[in-house]
Amino acid sequence: MKIRNILACLLLFVGFNYINAAGIKATAKLDSAFILMGKQTALHIEVVGNLKPEGALNVIDTMWRDIEIIDMGTPMVSDLGSGRKELKQDIIIQSFDSGMYAVPPVFFIQPGETIATNNPVLKVLPVPVDTLVAIHDYADVSDVKRKIFDYLPDWATDYGLWILLAIIVIGGSLFVYFKWLRKGKIPLLPKKKPVPPFELAMRNLSKLNEEKLCEKGEEKQFYTRLTDILRVYLAGRFGINALEMTSTQIVNALRSNEETRSSEQMMQQILEIADFVKFAKVRPLPEDNKLAMDSAVRFVENTRPIEVPVSDSDTSKKENPKK
């Protein structure tokens with residue numbers, strides 16, 4: 001009986017705290033989910049509910065290891081009516097290690113209640129590192145004035161011209177190899193015509209569809225590659241820097257573009273499903289996976305550049321130019 005009474009008290013205590021905390025909601029949203037190493041971004045904190053004047057945001061330093069807090073903005077509190085208030089505060093963060101990180105929660109603390117925010121995901125991209133120039137030490141110069149040939153052995157003076165010619169040939173061959181041949185390029189040949197964004201996107205989507213990743217249980221890899229293909233397409237086709245944008249920013253950019261406004265809804269559905277799969281570990285149905293692929297193909301086809309037909313008059317002008 002004592003054990004039952006203790007369990008009942010614990011349940012009542014937990015339930016009471018849950019009821020108190022249920023009136024307050026704390027959310028965290030990143031200004032940009034993709035940043036370069038050393039760059040900064042804002043973490044927007046929003047707390048809504050029955051807030052008390054002495055309530056404030058707090059962070060636990062031991063939880064912030066891979067991500068650094070640069071500045072805590074000034075909290076802004078507004079009255080929503082009916083005893084409810086809204087607190088907004090921005091936190092400036094940055095990271096110097098590339099990788100995918102879950103941002104630690106920020107806690108709203110007031111007497112009797114502690115509410116934690118969600119954990120948005122931040123991807124830190126690496127940056128190229130400049131090569132270091134080696135510094136050499138040189139020996140002291142002798143006071144005796146000697147000609148350069150005095151330092152060379154006899155064989156070097158006798159065959160110096162041939163040695164110099166061999167060095168030039170070997171050096172030129174190494175330069176051509178590392179400059180072009182190693183990269184699969186052949187000098188003096190015309191460069192390959194770059195693949196248009198539409199053709200590249202359709203080719204990559206077809207390849208991704210043939211790999212059947214969802215049937216193998218690799219939904220996260222499927223949606224990661226699917227969204228990357230679309231992000232690269234938006235960058236090449238419309239100049240939208242989608243690789244460094246969040247899903248919300250991409251949708252807003254599509255709405256402001258007259259060519260993509262009519263197809264924005266399809267992209268929004270793809271990004272929403274992809275975010276659930278990649279960050280919330282949700283496993284969609286096979287119908288959802290097929291719908292996402294079909295929507296991606298339709299989006300690319302709907303935004304395909306329109307080819308302007310060449311009229312007969314233009315053709316005749318090219319064939320018979322004026323003298």
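**View 1. M293 sits in helix 8.** Helices here are DSSP runs of H or I with at least four residues, numbered from the N terminus. This is a predicted model, in which local features need pLDDT of at least 70, side-chain atom pairs count only at pLDDT 80 or more, and totals for chains, interfaces and linings use all residues. Residues are numbered from 1 along each chain as its sequence is written, and side-chain values use heavy atoms, leaving out hydrogens and water. Is M293 buried or exposed? M293 is buried, with a relative accessible area of 5% (buried means under 20%, exposed over 50%, partly exposed in between, with a 1.4 Å probe and protein chains only). Leaving aside residues up to four places away in sequence, M293 touches L205, L208, N209, F222 and L226; contact means heavy atoms within 4.5 Å.

**View 2. Helix 4 has a buried side and a face turned away from it.** Look for F198, A201, L205 and L208, which are buried. They cover an arc of only 100° around the axis, so they lie on the same side of helix 4; the arc is taken from the directions from the helix axis to the C-beta atoms. The buried residues of helix 4 pack against helix 5 and helix 8. On the face turned away, you can find the exposed residues K207 and E210.

**View 3. L226 and L234 touch the most other members of the largest nonpolar core, which has 32 residues.** Such a core is a set of buried Ala, Val, Leu, Ile, Met, Phe, Trp, Tyr and Cys residues joined through side-chain atoms within 4.5 Å. Helix 5 (219–238) gives the largest share, 8 residues.

Key. Helices (H or I, at least four residues) and strands (E, at least two) are DSSP runs, numbered from the N terminus.
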